[in-house]
Amino acid sequence: MKKFFVVLFSSLIVIIQTGVVLAAPDTRLYFEPQNSSVNPDNSFSLKVKINPGTNRVSAIELYLSFDKTRLRLDSIGVSSAFSTVLKSAAINNTAGTASITVGSPPASPVSAVSDLVTLNFKAKTGAAAGNASVAVVNTTKAAALGETGNVIISSGYGSAVVSVVIPSPSPSPIYNDADLDLDGEVWLSDYNALLTVFGQTNSTPGWIRADILRNGRIDIYDYNALVVNFGFGH
C-alpha cells in the first residue's frame, strides 16, 4: 500500500511540474482521398491527415512509400498545422520513397483532425493500368506532449490506392464523301459546290471532292451520291 501511494504521489508531482496530463498513444495517419483514379501523364494530389485522438502532437517524422512504376512524386507541401519544417523533404522516385519532418507552431500542438502534408504526384507517361499504392511507412514517428515515445498506434499507418486508368480512344469521326465542304453535314452548300463543277473531268480520280465516286469525272452518278446522302448531319 505504501508503494502504491509513493507511485501515485510521484505521478502527481510530474503532472504538477509539467502541467500536462499523460495520455496513451492515440494518433492515426490517413490519406484523403483514400481511393482515386488518374490517367497517365496527369497530375494529382493526396493529403496526409492526422487524427491525434487524445494526444497533443507537436512533431512528426514522416516516411512514405509509393508505386515507383506508375507514380512520380514531385513535391511535398506542408500545412498550417505543421508549418515548421524540421528536416526538408527527401524524395527518391527511383526507390519510390519519401520523407519529411515537420513540427507544429510551439504554442499550438495539434489536438484535432488536421492536414499534415500534401503530396503532389504525377502518373507517369505510359504507366500501365492498375492500382498504385501510397502508404505511410511504420518507421514514421509522432511526438506529443506528455509522451516520451511514438504516439502513433499500430493501426494508425494509413494507405491509399490510386487507380491508373488508360482512357478509351475517342471514336473516329464519321466522314461522308458527299460532305464536300467538310462541315459535318451534306446540305445546300455541298449541292451548290457540285453544281459549280458538274461535267468537269480529270485523269486523276478524286481530283476534287465533288468527284464523289473517284472516277475522274463529275456526272449524274456523283449527283446521285449527293442526293442519297442529302441531309446527313441534320
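**View A. The buried side of helix α2 in this predicted model.** In α2, a helix of residues 188-197, the buried residues are Asp 190, Leu 194 and Val 197. Buried means under 20% relative accessible area, exposed over 50%, and partly exposed in between, with a 1.4 Å probe and protein chains only. The three residues cover an arc of only 75° around the axis, which puts them on the same side of α2; the arc is that of the directions from the helix axis to the C-beta atoms. Helices here are DSSP runs of H or I with at least four residues, strands are runs of E with at least two, and both are numbered from the N terminus. Helix α3 is part of what covers the buried residues of α2. After α2 comes Gly 199, with a positive phi near 95°.

**View B. Helix α3 and its two faces.** Asp 222, Ala 225 and Leu 226 are the buried residues of α3 (residues 220-229). Seen down the helix axis, they fall within an arc of 100°, so they line one face of α3. These buried residues pack against α2, where a contact means heavy atoms within 4.5 Å. Turned away from the buried side are the exposed residues Ile 220, Tyr 221 and Val 228.

**View C. Two nonpolar cores.** A nonpolar core is a set of buried Ala, Val, Leu, Ile, Met, Phe, Trp, Tyr and Cys residues joined through side-chain atoms within 4.5 Å. The largest one has 37 residues, and Leu 116 and Ile 60 are among those with the most contacts inside it. A second, separate core has 10 residues, including Val 186 and Leu 226. Leaving aside residues up to four places away in sequence, Leu 116 touches residues including Leu 29, Val 48, Ile 60, Phe 82 and Val 102.

**View D. Strand β10 beside β4.** Strand β4 (residues 57-66) pairs with β10 in the antiparallel sense over four bridges; pairing takes at least two DSSP bridges between two strands. Ile 60 has Ala 142 as its bridge partner in β10. Strand β10 (residues 141-144) has Ala 142 and Ala 144 on its covered face, and Lys 141 and Ala 143 on the uncovered one.

**View E. Salt bridges across the sequence.** The structure holds eight salt bridges, each being a side-chain nitrogen of Lys or Arg within 4 Å of a carboxyl oxygen of Asp or Glu. Asp 41 and Lys 122 meet in one of them, at 3.3 Å from N to O. Asp 41 lies in the loop between β2 and β3 and Lys 122 in strand β8, so this pair ties together parts that are 81 residues apart in sequence. Lys 49 and Asp 115 form another, at 2.7 Å from N to O. Lys 49 is buried at 11% relative accessibility, while Asp 115 is partly exposed at 23%. Shared partners join Lys 47, Lys 49 and Asp 115 into one salt-bridge network.

View F. The protein chain averages a pLDDT of 89, and 90% of the residues score at least 70; pLDDT is the predictor's confidence in each residue, from 0 to 100. Over residues 1-20 it stays under 50. Where pLDDT is low, the predicted coordinates should not be read in detail.

**Notes on all views.** Residues are numbered from 1 along each chain as its sequence is written, and side-chain values use heavy atoms, leaving out hydrogens and water. In this predicted model, local features need pLDDT of at least 70 and side-chain atom pairs count only at pLDDT 80 or more, whereas totals for chains, interfaces and linings use all residues.
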